[in-house]
Amino acid sequence: MKRAGRPTDEAKREAILAAAADSFFAHGFAASSIEQIAADAGVSKVTIYNRFGDKRALFIAAVERECEQLRGNLEMPQVASGNLRDRLTAIGEAMTAFLSRPKMVQFERRIAAETEHEPAVGEAFLVAGPLRMKRAFAALIGAMHEAGDIEVEDPELAAEQFASMCKGMGDLERRFGAAPDPQRNRERIAGAVEVFCRAYARD
């Protein structure tokens, strides 16, 4: 039996995190106030402090929420369909499209700026975002290994290698405002697939 008031409590929590994310990522940590976030969320300051403790904890919770929502936009293709190169290409395309989204680029820039002052923010981002995605990709690599398509001793390392090759300098270029280059992205992915298969594909 659900406890009375639970939906209202969860709705309040979501409203607080949504208002906090809007404020923090638009104005930064220092320029955001609990008072304004509370007003935007339609709750009292006391409610926020009771639920999250302080502004730093609220920011970290907002980062984790944004990471969860962003991960929802990353759809890894099923490893059971297509040959090995086709599957790796689809994975590379999915990762590149995800990382190239303007919201993702803006989010990473804001996190990097805030981490300079609050190291815990960067730590929370890594745990909630990139490290979880790496584990998900490593699970796909592990499935390919179990299926007999590749021979990999360390799926997480292989996942890092493939992701790094797919990104190339594109990741850095996006952070510093370079225009997207779809053709170069395709070439990076094709090269990553070729090198990965030469290193790990079973004959």
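Among contacts in the chain between residues at least 6 apart in sequence, 68% join residues at least 24 apart. The structure described here is a predicted model, and its chain holds 11 helices and zero strands, so that the order of elements read along the sequence is α-α-α-α-α-α-α-α-α-α-α. Taken along the principal axes, the box filled by the C-alpha atoms of the chain is roughly 65 × 50 × 25 Å. Of the 203 residues of the chain, 40% count as buried.

The domain assignment of the chain gives domain 1, covering residues 9-63, and domain 2, covering residues 74-200. The C-alpha centres of domain 1 and domain 2 are 31 Å apart, and the two domains meet through 10 residues of domain 1 that are in contact with 10 residues of domain 2. The size of an interface is often given as the accessible area lost when the parts come together. For domain 1 and domain 2 the buried area is about 870 Å², and carbon and sulfur atoms give 70% of this area. On the side of domain 1, the residues that lose the most area to domain 2 are Phe25, Arg56 and Val63, which together account for 53% of what that side buries.

One salt bridge is counted between domain 1 and domain 2. Arg56 forms a salt bridge with Glu118, with the closest N and O atoms 2.8 Å apart. Across the interface of the two domains, two residue pairs are found in polar contact. Helix 1 (6-27) and helix 4 (55-71) each supply at least two residues of the side of domain 1 that touches domain 2. By class, that side of domain 1 is made up of seven nonpolar, two polar and one charged residues.

In helix 7, which spans residues 119-128, the buried residues are Ala120, Val121, Gly122, Ala124, Phe125 and Ala128. An α-helix has 3.6 residues a turn, so residues three or four places apart point the same way.

Ala38 counts as buried because its relative accessibility is 2%, under the limit of 20%. Leaving aside neighbours within four places in sequence, Ala38 is in contact with Val43, Ser44, Lys45 and Ile48. The C-alpha atoms of Ala38 and Cys67, residues that are 29 places apart along the chain, are separated by 22 Å.

Side chains of opposite charge can pair when their charged atoms come close. A search of the whole structure finds 19 salt bridges. In one of them, Asp9 pairs with Arg51, the closest N and O atoms being 3.6 Å apart. This pair links distant parts of the chain, with Asp9 in helix 1 and Arg51 in helix 3 (residues 45-52), 42 residues apart. Asp9 is partly exposed, with a relative accessible area of 26%, and Arg51 also counts as partly exposed, at 34% relative accessibility.

Another salt bridge joins Arg87 and Asp149, whose closest N and O atoms are 2.9 Å apart. Because Arg87 lies in helix 5 (residues 84-100) and Asp149 in the loop between helix 8 and helix 9 (155-167), the pair ties together parts that are 62 residues apart in sequence. Arg87 is buried, with a relative accessible area of 9%, whereas Asp149 counts as partly exposed at 24% relative accessibility.

A salt bridge is likewise formed between Asp171 and Lys167, with the closest N and O atoms 3.5 Å apart. Asp171 counts as buried at 11% relative accessibility, while Lys167 is partly exposed, with a relative accessible area of 28%. Through salt bridges that share partners, Glu108, Lys167, Asp171, Arg174 and Arg175 are joined into one network.

Lys167 is also among the residues touched by Arg188, which is placed in helix 11 (residues 182-200). Arg188 is buried, with a relative accessible area of 15%, and a polar contact of 3.2 Å joins the side chains of Arg188 and Asn185. Not counting residues up to four places away in sequence, Arg188 touches Met165, Cys166, Lys167, Gly168, Met169, Gly170 and Glu173.

Notes: Residues are numbered from 1 along each chain as its sequence is written. This is a predicted model: local features need pLDDT of at least 70, side-chain atom pairs count only at pLDDT 80 or more; totals for chains, interfaces and linings use all residues. Side-chain values use heavy atoms; hydrogens and water are left out. Helices (H or I, at least four residues) and strands (E, at least two) are DSSP runs, numbered from the N terminus. Buried means under 20% relative accessible area, exposed over 50%, partly exposed in between (1.4 Å probe, protein chains only). A polar contact is a pair of N or O atoms within 3.5 Å; within protein, one must be able to donate a hydrogen and the other to accept it, and residues adjacent in sequence count only if both atoms are side-chain atoms. Contact means heavy atoms within 4.5 Å. Domain bounds come from an automatic or database domain assignment. Buried area is the accessible area (1.4 Å probe) that two parts lose on being put together, summed over both. A salt bridge is a side-chain nitrogen of Lys or Arg within 4 Å of a carboxyl oxygen of Asp or Glu. Ala, Val, Leu, Ile, Met, Phe, Trp, Tyr, Cys and Pro count as nonpolar, Asp, Glu, Lys and Arg as charged, and the others, Gly among them, as polar.
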